[in-house]
Amino acid sequence: MQENLLNALRGSGWLPLLSVSLGRNRTDLRSALVGCTGIFGAEFRRFSLERSKPGKFEEFYGLLQHVHKIPNVDVLVGYTDIHGDLLPINNDDNYHKAVSTANPLLRIFIQRKEDADYSAFGTDTMTRKKNVLSNVLRPDNHKKKPHIVISMPQDFRPVSSIIDVDILPETHRRVRLYKYGTDKPLGFYIRDGSSVRVTAHGLEKVPGIFISRLVPGGLAQSTGLLAVNDEVLEVNGIEVSGKSLDQVTDMMIANSRNLIITVRPANQRNNVVRNSRTSGSSGQSTESSLPSSTPNILGSLLQGEEESDEEDIIIEDSGEPQQIPKAAPTSESIESLSQIELLHESTQNGFLPSSELNLNHSAGSISMEYEVPEPGRKSLEEEGTIITL
Amino acid sequence: MRRFLRPGHDPVRERLKRDLFQFNKTVEHGFPHQPSALGYSPFLRLMAIGTRSGAIKLYGAPGVEFMGLHEENNTVMQIHFIPDQCQLVTLLDDNSLHLWSLKQHGGASELREEHRFTLKGPPGSPPSATQVTAVLPHSSREVLYLGTESGSIFVLELPSFRVLEDRTISPEAVLQRISEDNCNRRSCELVEALREHPKNPDQILIGYSRGLIVLWDLRAGRSFVWLSFQQLENLYWQRDGSKFISCHYDGSYTQWPVSSDNRQPEPLENTVPYGPFPCKAISKIYWQTTKNGLPYIIFQGGMPRASYGDRHSISVIHGSQQTAFDFTSRVIDFFIIFSSDPAAEFDDPSALVVLAEEELVVIDLKSAGWPAVHPPYLASLHCSAITCSHHVSNIPLKLWERIISAGSKQNIHYSSMPWPIDGGTNIAPDPPQRDLLLTGHEDGTVRFWDASGVCLHLLYKLSTVRVFLTDADPNDNMNTLGEDEWPPLRKVGTFDPYSDDPRLGIQKIYLCKYSGYLAVAGTAGQVLVMELNDEDAEHVVDHAEADLLQDQEGYRWKGHEKLKTRDGPVRFEAGFQPFVLVQCQPPAVVTSLALHSEWKLVAFGTSHGFGLFDHQQKRLVFVKCTLHPSDQLALEGPLSRVKSLKKSLRQSFRRIRRSRVSSRKRSCWCKGEVDALQEMELAPVQRKIEARSAEDSFTGFVRTLYFADTFLRDSSRHCPSLWAGTNGGTVYAFCLRVPPAERRMDEPVRAEQAKEIQLMHRAPVVGILVLDGRSTPLPEPLEVAHDLSKSPDMQGSHQLLVVSEEQFKVFTLPKVSSKLKLKLTALEGCRVRKVTVANFGSCKTDDYSENDLAVLTNLGDIQIISLPFLKLQIRYPCIRKEDVSGIASCVFTKYGQGFYLISPSEFERFSLSTKWLVEPRCIVEMPEVTSNNHVHNKSGTENGKILFGKSFFSSSLLERKSGRLMEHALLNDESE
């Protein structure tokens with residue numbers, strides 16, 4: 001991954017904003033702005049920031065632009081975390097995270113948006129031992145390495161997460177699979193089976209639903225959170241007991257955009273142990289990347305699901321496909337809205353301010369909220385009548 | 001889920017819901033599946049049919065029906081009415097006997113099981129000792145004679161079902177009375193028949209299977225013995241008791257004299273009617289006397305074994321007339337309706353009633369040529385397999401009469417005899433409206449049924465075959481046997497499960513009740529538009545082709561070919577006559593159909609796309625291909641994978657039948673659950689969890705089409721529009737320009753795509769509906785013009801309701817924004833199979849009614865969901881989820897009733913409404929004396945308890961005597 005970074009640094013206009021020596025109360029920011037023409041096309045600035053009052057991301061962004069004297073240039077902002085990973089800063093949350101975990105120095109990289117190489121972000125993009133600068137200074141080592149394409153940093157999205165750890169028994173695991181914008185199949189199978197339950201009449205064998213197979217390369221397998229013979233207890237907050245295999249299949253497929261499965265793992269040794277969670281362990285457990293997800297209860301979970309549920313698409317008069325907006329609730333329908341969990345209540349649960357993300361970064365980015373894949377859309381734009389094989 | 005969907009606790013609404021909704025399965029229409037026994041009571045004039053699944057159904061006058069179900073779900077082997085009583089006894093194949101009685105309760109009669117009994121032999125005896133083979137309810141109504149496999153005849157006291165052991169007629173006792181030389185030669189063996197002497201209730205005739213026939217005198221202990229050398233099948237007494245007739249395994253029957261002297265009698269006559277070559281057994285025979293002296297001899301079977309052994313026949317011989325009625329399915333049993341007045345001198349038979357496996361056939365024996373009688377009920381819905389159904393409520397009287405008149409022209413070959421089985425009185429109120437149920441069949445016919453009341457009655461049959469050239473010549477008649485043909489077979493009945501060409505099958509039906517336009521679409525992409533004409537006519541059917549692929553290269557349809565059309569004018573009988581034929585190309589099965597009779601447009605869709613045809617100008621307006629380029633399966637045709645279409649259809653038919661067998665065996669479920677679980681572990685079934693994508697197969701399959709006059713483009717101007725929903729969750733909306741009436745023939749209809757909505761969950765769209773400004777569904781075409789509906793509110797904003805298999809979604813119009821949704825599958829794991837708007841009226845007040853969605857899910861549940869707020873109102877389990885064909889066949893009416901197939905031949909009718917309920921309500925009158933006696937009995941008990949025993953005794957005696965008298969009076973009345 002160093003190679004990627006180096007490539008990024010060398011080939012494009014990365015502005016590795018090396019920085020930040022932290023005083024007791026002040027964050028010392030040192031930044032370097034590298035000129036675009038030189039081999040080490042980087043410019044450094046070093047300045048400091050008050051750690052206890054980091055302020056908002058917007059302000060910080062303005063500060064960076066000011067420090068580098070690029071007031072009207074759109075840039076991407078990244079930092080290296082304590083593990084040496086290059087991670088994006090694009091909202092208040094990850095900004096605060098960056099500031100709070102920086103020790104002693106916060107290294108900031110900025111890059112012009114139009115030149116952005118999105119492959120740079122990710123786990124292990126930096127190593128703990130090597131200084132970023134050393135990578136910058138030895139750019140030729142990795143010339144021939146191909147790019148590994150990683151999607152845009154501002155679109156970083158969770159692929160899966162363990163949620164509700166605090167409210168579930170330790171033997172259970174609630175896993176959220178995010179299936180949107182990816183072509184990766186969900187990739188798992190379920191089957192009927194029987195499980196032993198403790199009931200009023202002692203131990204009893206009851207029918208249950210189990211994961212029977214994981215497709216190699218599928219979303220389910222790649223998360224590592226689900227395994228064959230895990231018993232499925234709930235789907236998006238609804239218990240599956242008493243439901244047939246076909247019913248559970250239909251429920252899962254209907255929720256496939258945002259599937260939350262509560263399982264009793266067949267292997268109980270890897271359970272999340274409470275009160276021992278540490279922050280900043282990105283790449284180890286995804287829960288840390290979603291710091292506000294834990295206090296979820298079922299209700300907000302369902303609402304979150306509503307909220308993150310993709311909207312349908314409308315094409316008017318053979319025009320561009322657009323998302324169907326939500327109608328403003330009329331007074332007439334409010335009563336019903338409150339009763340049947342409708343679209344409008346947007347309860348922030350911290351997971352996915354997805355629509356905001358889209359709004360913030362609409363420039364030049366394909367919104368991944370569109371479900372129609374590119375080829376499909378094209379054919380629709382051609383009025384759908386001409387079909388080529 | 002409940003927590004989120006529970007619609008508050010509004011007590012007002014809850015009370016209202018109780019006034020609006022209520023679930024009842026009300027009546028089973030059609031012909032019982034797998035009938036196994038038949039019984040008839042000349043006294044009650046009721047017929048009883050038992051089935052292999054343990055149901056018994058009683059039928060009398062039209063509208064008089066009762067149903068009972070044995071808990072055991074075993075095959076009903078025999079049904080016997082107790083003479084002169086409202087009671088009957090059934091024998092099941094587990095050797096149990098059941099006593100059923102008709103009792104009045106709450107103003108109507110009900111069929112109830114009173115007793116059950118299984119004959120037990122002495123310990124250690126083989127089961128055959130008590131296996132009942134023949135049942136004779138004695139005319140005294142006090143005892144039941146049971147013939148068994150061992151040859152013993154047990155006597156059972158009624159109604160207590162107590163065995164009177166001292167009266168058992170054992171084979172040993174019989175043999176004692178037989179002269180020595182006979183009893184050595186043969187044992188008594190199985191009792192085949194028990195018949196009471198018509199004049200002397202103390203004598204019963206016993207027929208043993210080896211041919212021994214004994215007339216047993218119960219009082220005197222005397223007996224007369226006849227010996228036949230053929231294996232015996234059945235016995236029948238002549239009316240005066242001077243002779244009886246026996247029929248035999250070798251296809252012969254024998255007449256025997258009965259005389260009081262004790263000599264060994266010789267047979268009067270021994271005939272093999274279809275000899276001389278070996279014949280099949282005659283299993284049942286009637287000998288009916290008439291005034292003119294020539295008897296009617298009616299028997300089942302007896303056909304020459306080699307050449308006609310496979311026929312299911314019943315022969316009627318009357319003097320020189322002889323006909324062998326030839327049935328298309330196995331004959332279960334038959335009876336003759338004749339004068340039941342004991343005082344009458346002759347039998348004077350009037351009708352022959354035959355229960356075949358797939359239909360009921362009644363032959364009028366009074367009219368020349370013995371024509372069939374058109375049954376008012378028990379119609380064989382499945383005479384060709386049902387492929388679709390369509391219900392139209394509240395038919396205008398004019399159209400109703402025209403359909404009936406067209407149908408009556410088809411029924412001229414039926415007898416004009418009134419329905420002979422006419423017991424009981426229908427006391428149900430007249431149906432509030434005229435309803436039509438249309439069924440499409442595999443052979444290309446559409447049947448119009450009167451579905452207004454309890455009796456589903458065939459009004460008219462429409463055939464689309466004439467339009468096409470098929471292999472089979474429609475003029476090919478099965479009855480073209482010459483006069484000299486022997487045996488004189490005559491085909492009767494309508495059941496014909498063989499389809500000439502499966503492409504003719506009807507898939508979609510749409511009838512406009514105001515204009516009489518009918519659109520019918522079939523398996524090979526054919527769409528016919530028809531008009532009702534009261535006269536025969538000969539005309540050319542306009543023919544158009546709709547290329548749904550629009551000449552795309554590179555596609556190859558591997559399914560069936562399109563149907564060939566007949567050139568030149570075609571003669572059509574009075575009724576619905578096609579005038580336009582559109583054939584889709586590729587000729588895939590038509591999956592959706594909509595007709596707008598006001599705009600004179602018909603829309604149709606297949607798995608490839610959809611099209612709009614102007615049937616006024618006879619011009620194709622447009623076609624739209626909905627195929628996804630990668631969907632190879634749809635391109636080639638789903639049938640290309642199956643070698644033979646016929647085979648697949650046959651298999652599916654069989655599947656329907658198989659599913660039926662277990663449909664009544666509900667009780668076994670709990671017991672088998674543990675076993676089922678273990679079975680599951682042995683063979684785990686996997687289900688793939690994968691999000692649907694645009695590349696899935698059959699996403700272009702057009703599931704629903706809908707015409708609406710609404711605000712499609714802007715909120716100031718509404719226009720005609722066509723909406724289409726596909727399997728892949730896409731909704732297309734086309735803006736239509738229909739020229740005004742005066743220029744309708746001059747200007748073309750234009751269409752332009754205005755909107756396309758892609759539902760993100762990509763589930764199949766099964767319903768599209770536009771709600772007007774008052775959130776009321778738009779009326780049907782011409783409904784407003786006929787003053788039958790308020791005109792829609794065009795002031796307020798319209799809303800679009802899209803129902804997919806998984807969700808209900810309401811969007812605003814004309815700017816599409818999502819307003820409400822109800823997720824069904826994500827929360828409950830069930831999917832929408834059928835959805836309709838139904839109007840529910842309150843049973844308390846006449847002025848309140850509301851529109852709701854009636855939804856059937858793949859689990860067989862019915863849910864009612866309110867409009868426009870999409871709140872779940874109530875849920876009822878209706879069909880077992882394993883009953884796939886039942887769920888697929890369900891059709892809702894506009895007023896909250898519905899029908900679904902419980903077997904290939906039976907529709908179950910259900911009602912969700914408190915107001916619209918069609919169920920049998922009838923009374924079977926007991927002899928009046930009996931009710932008097934009840935009063936007497938009552939007063940007796942009121943007088944004092946001490947008297948009770950005595951008064952009871954005397955009253956039952958009285959009952960017997962006066963009961964008889966009254967019966968005679970009653971019967972005389974009827975015969976006059």
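## A ring on the inside

Is B:Phe448 buried or exposed? B:Phe448 is buried, and its relative accessible area comes out at 0%. Keep in mind that this is a predicted model.

## Aromatic pairs

Counting over all chains, the structure has 30 aromatic pairs. B:Phe448 belongs to one of them: it is stacked with B:Phe576, with 5.2 Å from centre to centre and 15° between the planes. B:Phe448 sits in strand β33 (residues 445–450) of chain B and B:Phe576 in strand β44 of chain B, so this pair ties together parts that are 128 residues apart in sequence. B:Phe576 is buried too, at 3% relative accessibility.

Another pair is made by B:Phe899 and B:Phe907, and this one is edge-to-face because the ring planes stand at 75°, with the centres 6.1 Å apart. Both of these residues, B:Phe899 and B:Phe907, are buried. There's also an aromatic cluster to look for, made up of B:Phe23, B:Tyr876, B:Phe892, B:Tyr900 and B:Phe910.

## Salt bridges

Side chains of opposite charge can pair when their charged atoms come close. Over all chains, a search turns up 46 salt bridges. One of them links B:Lys103 to B:Glu114, at 3.2 Å from N to O. B:Lys103 is in strand β8 (residues 96–105) of chain B, while B:Glu114 is in strand β9 (residues 108–118) of chain B, so the bridge ties together parts that are 11 residues apart in sequence. B:Lys103 is partly exposed at 39% relative accessibility, and B:Glu114 is partly exposed at 34%.

Now head over to B:Glu805. This residue forms a salt bridge with B:Arg703, where the closest N and O atoms are 3.4 Å apart. B:Arg703 lies in strand β50 (residues 702–710) of chain B and B:Glu805 in the loop between β55 and β56 (807–812) of chain B, so here the parts tied together are 102 residues apart in sequence. B:Arg703 is partly exposed, with a relative accessible area of 26%, whereas B:Glu805 counts as buried at 6%. B:Glu805 also meets B:Arg831 in a salt bridge, 2.5 Å from N to O. B:Arg831 is found in the loop between α10 (825–828) and β58 (832–841) of chain B, so this bridge to the B:Glu805 loop ties together parts that are 26 residues apart in sequence. Both B:Arg831 and B:Glu805 are buried. Shared partners join the salt bridges of A:Asp250, B:Arg703, B:Glu805, B:Glu806, B:Arg831 and B:Arg833 into one network.

## A covered helix and a covered strand

A:Asp250, from that network, is also one of the buried residues of helix α6 in chain A. This helix (residues 245–254) has nine of its 10 residues buried, so the rest of the structure largely encloses it. The other buried residues of α6(A) include A:Leu245, A:Val248, A:Met251 and A:Ile253.

Over in chain B, strand β54 (residues 765–771) is mostly covered, with seven of its seven residues buried. Six bridges join β54(B) to strand β55 (residues 799–804) of chain B, and the two run antiparallel. To find your way along this pairing, look for B:Ile768, which stands opposite B:Val802 in β55(B).

## Cysteines without disulfides

How many disulfides does the structure hold over all chains? The count is zero. B:Cys86 has its closest cysteine sulfur in B:Cys922, 12 Å away, which is too far for a bond. B:Cys86 is also buried, at 4% relative accessible area. B:Cys719 is in no disulfide either, with the nearest cysteine sulfur, in B:Cys735, 3.2 Å away. B:Cys719 counts as buried at 11% relative accessibility.

Most residues other than glycine have a negative phi, and most peptide bonds are trans. Here are some exceptions in chain B. The bond from B:Gln585 to B:Pro586 is cis, with omega near -5°, and B:Pro586 is in the loop between β44 (575–585) and β45 (592–596). The bond from B:Leu867 to B:Pro868 is cis as well, with omega near 0°; B:Pro868 is in the loop between β60 (861–866) and β61 (872–877).

Then there are the positive phi values. B:Gln34, not a glycine, has a phi of about 50° and lies in the loop between β1 (21–30) and β2 (35–41) of chain B. B:Asn73, also not a glycine, has a phi of about 55°. B:Asn73 is in the loop between β5 (65–69) and β6 (76–81) of chain B, and it is buried, with a relative accessible area of 5%.

Terms used
Residues are numbered from 1 along each chain as its sequence is written. Chains are lettered from A and ligands numbered from 1 in the order in which they are written. This is a predicted model: local features need pLDDT of at least 70, side-chain atom pairs count only at pLDDT 80 or more; totals for chains, interfaces and linings use all residues. Side-chain values use heavy atoms; hydrogens and water are left out. Helices (H or I, at least four residues) and strands (E, at least two) are DSSP runs, numbered from the N terminus. Buried means under 20% relative accessible area, exposed over 50%, partly exposed in between (1.4 Å probe, protein chains only). Two strands pair if DSSP finds at least two bridges between them. Rings of Phe, Tyr and Trp (its six-membered ring) pair if their centres lie within 6.5 Å; planes under 30 degrees apart count as stacked, over 60 as edge-to-face and the rest as tilted. A disulfide is a pair of cysteine sulfur atoms within 2.5 Å. A salt bridge is a side-chain nitrogen of Lys or Arg within 4 Å of a carboxyl oxygen of Asp or Glu.
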